[in-house]
Amino acid sequence: MYEERMARLRERMAETGTDLVVVGPSSHLVWLAGMSPHGDERPVLLIVAKDHAGFLMPALNVDSQRPFTQLPFYPWSDADGPGAALANLLKDCGADQSKPRIALDETMRADFALLVIDALPGASRGFLADTVSFLRGQKDEAEYALLKMNAVLNDGAMRAGFAALREGVTEREVAQVIRDFYAANGAKPEFTSVCFGENGAFPHHHTGDRKLKANEAVLIDIGGRKDGYPSDMTRVGVFGDKPEGFDEVHGVLERAVQAAIAAAKPGVAAKEVDKAARDVITAAGYGPNFLHRTGHGLGIDIHEQPYITGTSETILVEGNVFSIEPGIYLQGRFGLRLEEIVILRGNRAEVLSDLSREAFRLKA
């Protein structure tokens, strides 16, 4: 699998005119090489050129990392520093006498990036959006299976969270029920945002000790991780009677989700998917209350390419996985958001979750 990904990367480098790809100890490296070296201040770099690739590797990590790759290591010791080893690696990559176009891992430490930049003062520089990130956005069947499994597991976690609602329970206590569900099913929680009443109007509310009262809206946004891949989903409900305007807002969001799903196809610009959702919300009079983008990519990372924004010119392709999550936030009252993760397969967007978007109804 990793040899295939390396071959795809080199094809993409040729298409984009990229001479060197430089990857640090990050999720990019996990995807490309299946490795996650110990991350500290000692530089660890995978450098990929047209005809060569190798690791700048601290000598004390060589033995632990050798079982994960057959690529050559260029070890360096604390006594000598990484300079000479990096120079040898760049020479073997054919970059020492040229002015290459390099793509740097935007998530690695700045001092790692500067080490390479200083060694190649004539290079032109960019990030991995057009190379590694672009390829990561096209999920294969194995990745699809893992993301689907995590989505269905997350359905169960969501049901457990809403089942735990009772008068006087705190957001934190409901979040713990969700975390316990993940643990019982071999997953780890990535995030648990439980929002009662007016707290739902904050898109990034931090779960706290707010107690649930009768006749309040509830928003739950959660994600877990199993076998290396995550889930992400938001659902809403009501404890007791619905607050005024709940059904109207929920209905608008449902139509927005449906519009965005219908618009999401290979060959479509990401901004058109955002527009499809936003137009529905704006036409209903809630445009100023939709405070964020429509979605983000999902893969090894919770947030990765493609990003579904109003300005993104990214052309969606087969295998892209991303969220569709329009929201309407009414300060001091409640906020609602409906979030699905979809994958582009064939000529349509397939929803990974099996859970209805209907509001949960619980008696007070």
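Where does Thr-131 lie? Select Thr-131: its place is the loop between strand 6 (124–127) and helix 6 (132–136). Helices and strands here are DSSP runs numbered from the N terminus, helices being H or I of at least four residues and strands E of at least two.

This is a predicted model, in which local features need pLDDT of at least 70 and side-chain atom pairs count only at pLDDT 80 or more, while totals for chains, interfaces and linings use all residues. Residues are numbered from 1 along each chain as its sequence is written, and side-chain values use heavy atoms, with hydrogens and water left out.

**Stop 1**

Thr-131 has a relative accessibility of 1% and so counts as buried. Buried means under 20% relative accessible area, exposed means over 50%, and partly exposed is in between, with a 1.4 Å probe and protein chains only. Show the residues around Thr-131: not counting those up to four places away in sequence, Thr-131 touches Leu-9, Arg-12, Thr-16, Thr-18, Val-21 and Ala-103. Contact means heavy atoms within 4.5 Å.

Next select His-28, in helix 2 (residues 27–33). His-28 counts as buried, at 4% relative accessibility. Its contacts, leaving aside neighbours within four places in sequence, are Val-23, Asp-105, Glu-106, Thr-107, Leu-128, Val-132, Ser-133 and Arg-136. Draw a distance from the C-alpha atom of His-28 to that of Ala-103: the two are 75 residues apart along the chain and separated by 12 Å.

**Stop 2: helices 7 and 8**

Select helix 7 (residues 141–163) together with helix 8 (residues 171–184); the two pack at an angle of about 150°, with their axes 8 Å apart. The axes are lines fitted to C-alpha atoms, for helices over the stretch in contact, and angles run from 0 to 180 degrees between N-to-C directions. The helix 7 side of the contact consists of Leu-153, Asn-154, Gly-156, Ala-157, Ala-160 and Gly-161, and the helix 8 side of Val-174, Val-177, Ile-178, Phe-181 and Tyr-182. Colour the contact by class and there are eight nonpolar, three polar and no charged residues. In this scheme Ala, Val, Leu, Ile, Met, Phe, Trp, Tyr, Cys and Pro count as nonpolar, Asp, Glu, Lys and Arg as charged, and the others, Gly among them, as polar.

**Stop 3**

Gly-224 is in strand 8 (residues 216–226). Is Gly-224 buried or exposed? Gly-224 is buried, with a relative accessible area of 1%. Beyond four places in sequence, Gly-224 touches Asn-150, Asn-154, Tyr-182, Lys-188, Pro-189, Glu-190, Tyr-229, Pro-230 and Ser-231. Two of these can be found again at the previous stop: Asn-154 in helix 7 and Tyr-182 in helix 8.

Now select Asn-215, in the loop between strand 7 (188–196) and strand 8. Phi of Asn-215 is near 65°, a positive value in a residue other than glycine. Asn-215 is partly exposed, at 39% relative accessible area.

Asp-227 sits in the loop between strand 8 and strand 9 (229–230). Its phi is also positive, near 55°, again in a residue other than glycine. Asp-227 is exposed, with a relative accessible area of 55%.

**Stop 4: helix 9**

Select helix 9 (residues 246–263), which has 18 residues. At 1.5 Å a residue these should span 26 Å, and the end C-alpha atoms are 26 Å apart, which agrees. The expected span is 1.5 Å times one less than the number of residues. Among the buried residues of helix 9 are Phe-246, His-250, Leu-253, Glu-254 and Ile-261.

**Stop 5: His-296, Pro-306 and Ser-323**

His-296 lies in strand 11 (residues 295–297) and is buried, with a relative accessible area of 3%. Its contacts beyond four places in sequence include Asp-232, His-303, Pro-306, Ser-323 and Glu-339.

From that list, select Pro-306, in strand 12 (residues 304–308). A cis peptide bond joins Gln-305 to Pro-306, with omega about 0°.

Then select Ser-323, in strand 13 (residues 321–324). Ser-323 counts as buried, at 0% relative accessibility. Ser-323 and Glu-339 are 16 residues apart in sequence and 6.5 Å apart in space, C-alpha to C-alpha.
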